[in-house]
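This report describes the salt bridges, the nonpolar core and selected surface features of one protein model.

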Amino acid sequence: MYDSIFQFLNRFFKKATLFKTMFNVSPMYRRSCGRITHVSDDLHIVKIKIKLSYKNKNYVGSMFGGSLFAATDPIYMIQLMQILGKDYVVWDKTTEIKFKRPAYQNAFATFNFTSDEIHQIKKDVKKENEINCVKQLHITDKKGKIFTEVNKTIYISSKAYYKEKKAKMTS
């Protein structure tokens, strides 16, 4: 559903504008208390803010860990889907989250893919058909003090290979 809406609206708006707006109005993302504050035109950089509020404070007054996780969970996957395009399949595979210190204030994170990383992903998928890409993310305060370290493993394959693999699994 979201992809169909995105494709239609992409005729009238920049991808970066749609990425930011659709995340921020999506009910699933709004519940995390995260908000996308910036998306670069090439979608390689996405910045978020997770506001500490009554909606995500835990028993001791710090930010609920689930809110920190949920606000970061879908970004890398959807970011890569949009950057790589329709010839690739992208799935979140695993997430490891390490809480370093309680977040008693607003939290921030920056999701970044370099052009070299994107080029390498395409090259590796062409060679291997499927790969796992591991990205590390820090959720911090405004000054960069780390609250949480997140390690995401993202599965990426060519669409053709994925269809073939899926067909073998179901037969």
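D73 is partly exposed, with a relative accessible area of 25%; partly exposed denotes the range between buried (under 20% relative accessible area) and exposed (over 50%), with a 1.4 Å probe and protein chains only. The structure is a predicted model, in which local features need pLDDT of at least 70 and side-chain atom pairs count only at pLDDT 80 or more, whereas totals for chains, interfaces and linings use all residues. Residues are numbered from 1 along each chain as its sequence is written, and side-chain values use heavy atoms, with hydrogens and water left out.

D73 forms a salt bridge with K152, and the closest N and O atoms of the pair are 2.9 Å apart. A salt bridge here requires a side-chain nitrogen of Lys or Arg within 4 Å of a carboxyl oxygen of Asp or Glu. The two partners are 79 residues apart, D73 in the loop between α4 and α5 and K152 in strand β6 (residues 146-158). Helices (H or I, at least four residues) and strands (E, at least two) are DSSP runs, numbered from the N terminus. In contrast to the partly exposed D73, K152 counts as buried, at 1% relative accessibility. D73 and K152 also belong to a network of salt bridges that includes D92.

## Further salt bridges

Side chains of opposite charge can pair when their charged atoms come close. The count of salt bridges comes to six. One of them joins the side chains of K98 and E149, at 3.8 Å from N to O. K98 lies in strand β3 and E149 in strand β6, so this pair ties together parts that are 51 residues apart in sequence. K98 is partly exposed at 35% relative accessible area, whereas E149 is buried at 13%.

Another salt bridge is formed by K135 and E117, at 2.8 Å from N to O. K135 lies in strand β5 (residues 130-140) and E117 in helix α6 (residues 115-128), so the pair connects parts 18 residues apart in sequence. K135 counts as buried, at 8% relative accessibility, and E117 as partly exposed, at 27%.

## Surroundings of I97

I97 lies in strand β3 (residues 88-99) and is partly exposed, with a relative accessible area of 26%. Leaving out residues up to four places away in sequence, I97 touches F69, T148, E149 and V150; contact means heavy atoms within 4.5 Å. The C-alpha atoms of I97 and K152 are separated by 8.6 Å, although the two residues are 55 apart along the chain.

The largest nonpolar core has 38 residues, of which I36, I48, L80, I121 and I156 touch the most other members. Such a core is a set of buried Ala, Val, Leu, Ile, Met, Phe, Trp, Tyr and Cys residues joined through side-chain atoms within 4.5 Å. Helix α5 (residues 75-84) gives the most to this core, with six residues. Beyond four places in sequence, the contacts of I36 include F19, F23, Y29, V46, I48 and I75.

In helix α4 (residues 65-72), the buried residues are S67, L68, A71 and T72. They lie on the same side of α4, because they cover an arc of only 120° around the axis; the arc is that of the directions from the helix axis to the C-beta atoms.
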